Amino acid sequence: MVQGINIYPAEHLSQVVEFLNGREPLALLIPETPELLTPPPRYDDDFREVRGQEPVKRALLIAAAGSHNVLMVGPPGAGKTMLARCLRTILPPWSFEEALETSKIYSIMGRLRPGQALVPRRPFRSPHHTISDAGLIGGGTIPRPGEVSLAHHGVLFLDELPEFRRSTLEVLRQPLEEGKVTISRAATSLTYPARFMLVTAMNPCPCGFYGDVKRACTCTPNQINSYRSRISGPLLDRIDIQIQVPAVPFKDLAAPESSEGSKELRVQVVTSREVQTQRFHKTRIYANAHMPPRMIKTHCVPGPEAQRLLETAMERLGLSARAYHRILKIARTIADLEGEGAIGPAHVAEAIQYRTMDREF
């Protein structure tokens, strides 16, 4: 699969010795240009089967278009897990470079099937909340990649987020910020790539019904605060989109399937990613969410009215500088989805609403 190298196949080691000694030639092999799976992979899940939850579907569309991290908060049975599994069905096909980077990780872990050259689709990893720090981030006596690296260029889904140990969640900061993880040991230090899309889900409180209009919450304020405090502010800052997932009313459950399924949403995501590919063609960045601050200043400049709106929101919601950059990147993605080059007030307004949970937490 690697291009730009000379390949001389040999059937026996003796042929290699004779070739290196100049006594027997080996025919040069010209490999075919590698082709990824052009048709999108088939999944059992589809957004067409999701009843209601139109605001959440819109948020996940934006997340897929810009590779933004997501936090979904809602009561049990609202469909958070199903929505997360549907999200992978609208992710764009990956480039050869992305597929090769991820396949390297699966290769050294022995996870490629015999004869398989590339991982065929973007990975979707969903570890249990009992996972150890080393299992999530990587490590061991001989350092091996963890779940964050196995999810490289794919999705890392953490269900029941507060049930993970806080120390385990805190080790996510480096890969979320830098797109890589460094494992240091006395004898060596290894760095593995970990540029993944973090998708998380949680209940609003221990019983799950805080804010529900039909079921009463049985939790005390101290229990709610203790439950939510398991997610630190710095980690929450690194999650771009925070969205409420309400319980689905009966009229929506009984409604017919949505006319807009994963296939239609995927077209919008692919179109948006093509714009981003042209924008970042001279860099190793593949999506808006990965822009460093210097690129944000270049590609995410809001107009005067949008800038005033953003300034007001920063002051009233008490948002951090990191949240400010997140809003600009989300607004850039929304503008890309709508095919607009300039970031307007409507784009910023929609992006701001995905950060209002900062104040609640």
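Trainee: Is Cys207 buried, partly exposed or exposed?

Mentor: Please bear in mind throughout that the model is predicted. A residue is called buried under 20% relative accessible area and exposed over 50%. The relative accessible area of Cys207 is 21%, so Cys207 is partly exposed.

Trainee: Is Cys219 buried or exposed?

Mentor: The cut-off for a buried residue is under 20% relative accessible area. Cys219 has a value of 15%, so Cys219 is buried.

Trainee: Which strands stand at the edges of the five-stranded sheet?

Mentor: The sheet is open, with parallel pairing, and its strand order is S2-S5-S8-S1-S9. Two of these strands have a single partner strand each, so one side of each is left without a neighbour in the sheet. The edge strands are S2 (124–125) and S9 (241–244).

Trainee: Which residue in S9 stands opposite Val70?

Mentor: Strand S1, residues 70–73, pairs with S9 in the parallel sense over four bridges. Further along this pairing, Met72 stands opposite Ile243. The residue opposite Val70 is Ile241.

Trainee: Which helix packs on the sheet and touches S1, S8 and S9?

Mentor: The direction of this helix makes about 165° with that of S9. The helix spans residues 54–66, and strand S8, one of those it touches, covers 197–202. The helix is H2.

Trainee: What is the bridge partner of Leu71 in S8?

Mentor: S1 and S8 run parallel and are joined by four bridges. Leu71 points to one side of S1 together with Val73, whereas Val70 and Met72 point the other way, and all are buried. The partner of Leu71 in S8 is Thr200.

Trainee: How many of the 17 residues of H15 are buried?

Mentor: Helix H15 runs over residues 321–337 and reaches 25 Å from its first C-alpha to its last, close to the 24 Å expected. Just after H15, Gly339 takes a positive phi of about 70°. The helix is mostly covered, and its number of buried residues is 13.

How values were computed: Residues are numbered from 1 along each chain as its sequence is written. This is a predicted model: local features need pLDDT of at least 70, side-chain atom pairs count only at pLDDT 80 or more; totals for chains, interfaces and linings use all residues. Side-chain values use heavy atoms; hydrogens and water are left out. Two strands pair if DSSP finds at least two bridges between them. Helices (H or I, at least four residues) and strands (E, at least two) are DSSP runs, numbered from the N terminus. Contact means heavy atoms within 4.5 Å. Axes are lines fitted to C-alpha atoms, for helices over the stretch in contact, and angles run from 0 to 180 degrees between N-to-C directions. The expected span of a helix is 1.5 Å times one less than its number of residues. Buried means under 20% relative accessible area, exposed over 50%, partly exposed in between (1.4 Å probe, protein chains only).
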